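Subject: Structure handover

Hello,

Here is the structure we spoke about. Notes on one helix and on the aromatic side chains follow below.

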Amino acid sequence: MQRATSLERRIDDIAHRLLRDASAGGVRAGIIEFAVFVLKQAWACVFGAALLAVIVAARLWYPDDAVLARNDMLTIAAVLIQVAMLVLRLETGRELWVIVLFHITGTAMEIFKTDAGSWAYAADGMLRIAGVPLFSGFMYAAVGSYMVRVHRLFDLGFTRYPRRWITTVVAAGIYSNFFTHHFWWDARWVLLAAVVLVWLPTVLHARVWRRVLRLPLLVVFAGVAVAIYLAENIGTWAGAWAYPDQVDGWQPVSPSKLVSWFLLMIISVVMVTWVYPPREPAPTLPEEDEGRMPQHPPLDGNSQAPVAGAAGAEPPPEPPRRRRRRRAGAGLPS
């Protein structure tokens, strides 16, 4: 696994030792693959899960008459979670910059949306900008944290990924529409059609352990949007924020928000690709080196593969050596 933190490499070594003699076929092998998939997903969600747990705990146990306002407590808790992610080597410095970018773009949208009345936060607390508590930006950062972590935990590869400048134009249109639809035509359905058109040919390759999942990327986008929608229901139930139809009493978030989250997630995906460019799927390794993936060749629509024998071309890779190499996985068997 690439770009792993030091803690994740240690965890990965332990996991490989535990599963070293696991069977490669049958029901037990399938159960192990499923368990590794679930654990990797949980590991990728650690930032968001910790923040959501704090929000729920504040709803259940934080006193209403506390000296420190609940929103301020949530902001301080979010900062401490982010610091812990770095100190405990659960996040790299490069990933932190991506998450900061998510935080900035999310907070800008929050300020506009709350002013437009799309949703509202409790008025308590001092750690806020234009009526928006600062912990709200960390909820967008949690999505960014998941995106960058799942990218390396599953050694993501892509076939037929669109050119990045095209995806950037679509993402910019989506972000702009979140603002402009309040006073102009709402183009979300046109943008949704553009997303389908651009990403329809793309197939995601995700390494679990021994097996590689191959899924249409649009299906993966939809699955992540559903997961965020479920987390949003928990967040609104816990009182972190409220939509207009929830002011007089909580009720499930409108399913129409699924489209909004699907489109917002496209923005997240595109931002991550400018830090971790989409790569072609890696070739399969020999059986004795299973669980580790080699470096992916980058996917760049503006470049061509070097021609054999051409000046400056890299020599073809050497065949894998017939010995077990140290696995450089991240978090769980890669």
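Rings of Phe, Tyr and Trp (its six-membered ring) are paired if their centres lie within 6.5 Å; planes under 30 degrees apart count as stacked, over 60 as edge-to-face and the rest as tilted. Ring pairs join F112, Y175 and F179 in a cluster.

The model is predicted: local features need pLDDT of at least 70, side-chain atom pairs count only at pLDDT 80 or more, and totals for chains, interfaces and linings use all residues. Residues are numbered from 1 along each chain as its sequence is written, and side-chain values use heavy atoms, with hydrogens and water left out.

By the ring rule there are 9 aromatic pairs. Y121 and F135 are edge-to-face, because their ring centres are 6.0 Å apart and their planes at 90°. This pair links distant parts of the chain, with Y121 in the loop between α5 and β1 (128-129) and F135 in helix α6, 14 residues apart. Helices (H or I, at least four residues) and strands (E, at least two) are DSSP runs, numbered from the N terminus. Buried means under 20% relative accessible area, exposed over 50%, partly exposed in between (1.4 Å probe, protein chains only). F135 is buried at 0%, and Y121 is buried at 12%.

Two charges sit over rings (NZ of Lys or CZ of Arg within 6 Å of the ring centre and within 35 degrees of the ring normal): K40 over F154, at 5.2 Å from the ring centre, and R164 over W274, at 4.3 Å.

Regards
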